[in-house]
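I opened this entry to keep track of what I looked up, going from strands to core to ligand.

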Amino acid sequence: MCDNCGCTLTISPAIKILDQQDKQALVNIQIFRENRIFSLNIMGSPGSGKTSLLEKTIELLGDRLKIGVIEGDLEESLDAERIRQKGVPAYQITTGSACHLDAFMVRHAMSHIPLSDLDIVFIENVGNLVCPAVYSLGVDCNVVVLSVTEGDDKPAKYPVMFRFAQVLVISKSDLLPYVDFDISKVISLARKVNPAIKVMELSIKNNIGMDGWINLLNYGVKGT
Ligand SMILES: Nc1nc2c(ncn2[C@@H]2O[C@H](COP(=O)(O)OP(=O)(O)OP(=O)(O)O)[C@@H](O)[C@H]2O)c(=O)[nH]1
Ligand SMILES: [Mg+2]
């Protein structure tokens, strides 16, 4: 756990820091709105398939919508390079020891992508099922990506994330025949902590379920 997280701070300083973070998050959402951008914060464990989902989204939507990406990782710029190879502007935030992005980091990154030219901005958070859910970034939609290889008990064990997210993407559904993962159990556990959470099941590899995801993005873009 990093030393920037609420979990290692006493309650009062944590509240103070989150207060500043929340104010910055409000500024961020205002800037996104002024630029008529639909913004999403993509969270999930390391390797759950976040960058793969963005790559596939660019393939499917890149000729119709102008997409920008902010990538968050502890080290390296591998994910931003993957996105740039798809012809989309991407800015990499390297957090060092911090296991999440925060609103100030995102604000800084926003000045490195051409906001006035974009319809949609994805922020891929640091791979982590805990800390990112404590920090509002100032986006329209918080998404958690849970792959079927991670186990179907995760919404019960990590409820903060599933409460924070508006959308749950169950990824790598092509691997369902090989793992013990009960989709209806996951949905029911997720809805127990967040009755309104929208769930979609997809596979990047087999191109299954992408229609629902693309519809959600188109709907979000139209609403901005
Ligand atoms: N079988 C299968 N593998 C997938 C699918 N989506 C992603 N993967 C694989 O999962 C691995 C991790 O994918 P990434 O997209 O890099 O995962 P990530 O969440 O961005 O990882 P971090 O940025 O390190 O947290 C890669 O080997 C992908 O090829 C899928 O739909 N099916
Ligand atoms: Mg990634």
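**Strands, core and ligand shell**

I began with one pair of residues in this predicted model, and found that Met 43 stands opposite Val 144 in E5. I then looked up the strands involved: E1, residues 38-44, and E5, residues 141-147, run parallel and are joined by 5 bridges.

Next I asked in what order the strands of the sheet lie. I noted an open sheet of 7 strands with parallel pairing, ordered E3-E2-E4-E1-E5-E6-E7. Its edge strands are E3 (90-94) and E7 (198-201), each of which pairs on one side only. From one strand to the next, the twist averages 20°. I also looked up helix H4, residues 103-110, which packs on the sheet and touches E2 (67-73), E3 and E4 (120-124), with its direction at about 145° to that of E3.

Coming back to Val 144, I listed its contacts beyond the neighbours within four places in sequence, and these are Met 43, Gly 44, Met 161, Phe 162, Ala 165 and Leu 168. Val 144 turned up again in the largest nonpolar core, which has 53 residues, and there Val 106, Ile 123 and Val 144 touch the most other members. I noted that H4 gives the most to this core, with 5 residues. As background, I wrote down that nonpolar side chains in soluble globular proteins tend to be buried together.

Last, I asked which residues come nearest to ligand 1. Of the 17 residues around ligand 1, they are Gly 49, Lys 50, Thr 51, Ser 52 and Gly 127. Helix H2, residues 50-61, gives the most to this shell, with 3 residues. By kind, I recorded the shell as 3 nonpolar, 9 polar and 5 charged residues.

Definitions and conventions:
Residues numbered from 1 in each chain as written. Chains lettered and ligands numbered in written order. Predicted model: local features only at pLDDT ≥ 70, side-chain atom pairs only at ≥ 80, totals over all residues. Pairing = 2+ DSSP bridges. Helix = DSSP H or I, 4+ residues; strand = E, 2+ residues; numbered from the N terminus. Axes fitted to C-alpha atoms, helices over the stretch in contact; angles between N-to-C directions. Contact = placed C-beta atoms within 7 Å. Core = buried A, V, L, I, M, F, W, Y, C linked by C-beta atoms within 7 Å. Buried ≥ 20, exposed ≤ 12 C-beta atoms within 10 Å, placed from the backbone. Near = placed C-beta within 6 Å. Nonpolar A, V, L, I, M, F, W, Y, C, P; charged D, E, K, R; others polar.
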